[in-house]
Amino acid sequence: MRDLFLLDPDCVFLNHGSFGACPREVWEAQQCWQLAMERNPVEFLGRRSAELLREARDRLGEAIGARGADLVFMPNATSAVNVVARSLQLQPGDEVLASDLEYGACDATWQRVCAAAGAHYHRVPMPLPLSGEDFVARLMGAVTPRTRLIFVSHITSTTGLTLPVAALCAQARQAGLPVLVDGAHAPGQIELDLDALQADWYVGNCHKWMCAPKGSAFLHAQPERQEALHATVTSWGYFEGASGHAGFDAYLGHTPFERRLQWQGTRDLSAWLAVPAAIDFQRQHDWPRVRARCHVLAAEALQQICERFGLAPLGAEGDWAQMVALPVPPQDPARLRERLFEESGIEIPVTTHGERVFVRLSVQGYNTEQDIARLLDAPALRHDAH
């Protein structure tokens, strides 16, 4: 499968989790859409785009258990989080509740939005390892009368843990609290059924584990939550007839949710329109089998690293999928990452949580047993290197 991707053959690429990697045929599908746009940009963007995007959203919805009408495309998950955060009407003294396992860019979003409103972003410490039941209990135990929203990752970026979002959403609904799930790493890495999950908002990337082109992500909102959402850029979709161009409004979308969030000026739609090609690629290659093989390789690497350094994993095997945090002795994380790349040609991130250091291993369909062996044999990860 390595030959189906565009990766540098001289690089051991074990960092799919950061930006993904696109198969050649999906990249070529994106180029076809770009060519179609350039043949007549007015026809493509002004007259065809709404229907093309609707068809792509419907295909995406089928893959993640959602109605296409409840989805809008976004350039990345962080942008989608910003849409929800900036649409909330927080008041002084209100609180947004999260754990200390969240992605730093989204922490920054909530800190800024809460500061502007005089609200508080409360991050609940989560000692690791931690069972899913304990995670939900700790987070729900921190709810106060001031809590207005719970924010949670489906799969954590730093530690690679799959969090029990279904149980959390169920308890939050009983308490009358809305939940925003950051699913940046979930689509394509685990099976999704957003209609069954019933999160108020769910955001996810297609360009990571679904292997779609860079800049393809989505925001899913329950129907009753859609009207209150506002784009970070105000454009034609906000006012019918404002464009002054006959018939133009019909191409902006049919609902306020679609109109406001889909059209934000001229931009390249090709990454979004190529999402169905990524879905087709994974179906053609029996992706559940691919994911299972990748999980086995990751599990073997975790076992060997834990035994080598006498360190405990962050969770049981079911707590992570294709991306796992390999614990290593305390050290300078930036230097370790540099050594792995400079000495061994391995592209892999080194993360931290609390005082612990991890080599975050992503195993994708193009990775081999030899890639994992190269990592385990790297001089920077020898027992005597610390």
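My entries on salt bridges and aromatic pairs follow.

**Ground rules.** I am working with a predicted model, where local features need pLDDT of at least 70, side-chain atom pairs count only at pLDDT 80 or more, and totals for chains, interfaces and linings use all residues. I number residues from 1 along each chain as its sequence is written, and side-chain values use heavy atoms, with hydrogens and water left out.

**Salt bridges.** I counted a salt bridge when a side-chain nitrogen of Lys or Arg lies within 4 Å of a carboxyl oxygen of Asp or Glu. Searching the whole structure gave me 14 salt bridges.

I looked up Glu 258 and Arg 57 to begin with: their side chains form a salt bridge at 3.1 Å, N to O. Glu 258 sits in helix H10 (residues 256-262) and Arg 57 in helix H3 (residues 41-64), so this pair ties together parts that are 201 residues apart in sequence. For helices I took DSSP runs of H or I with at least four residues, for strands runs of E with at least two, numbered from the N terminus. Both Glu 258 and Arg 57 are buried; here buried means under 20% relative accessible area, exposed over 50%, and partly exposed in between, with a 1.4 Å probe and protein chains only.

Next I checked Arg 59 and Asp 280, whose side chains meet in a salt bridge at 2.7 Å, N to O. Arg 59 is in helix H3 and Asp 280 in helix H12 (residues 275-284), 221 residues apart. I noted Arg 59 as partly exposed at 22%, and Asp 280 as partly exposed at 30%.

Then came Arg 123 and Asp 107, with their closest N and O atoms 3.4 Å apart. Arg 123 belongs to strand S4 (residues 120-124) and Asp 107 to helix H5 (residues 104-117). Arg 123 is partly exposed at 35%, whereas Asp 107 is buried at 7%.

I also found that shared partners join Glu 51, Arg 54 and Asp 58 into one salt-bridge network.

**Aromatic pairs.** I paired rings of Phe, Tyr and Trp (its six-membered ring) with centres within 6.5 Å, calling planes under 30 degrees apart stacked, over 60 edge-to-face and the rest tilted. The whole structure holds eight aromatic pairs.

Trp 33 and Phe 44 have ring centres 6.2 Å apart and planes at 55°, so I logged the pair as tilted. Trp 33 is in helix H2 (residues 24-39) and Phe 44 in helix H3.

Which residues form one aromatic cluster? I listed Phe 5, Phe 13, Phe 281, Trp 287 and Tyr 366. Of these, Phe 281 and Trp 287 are both buried.
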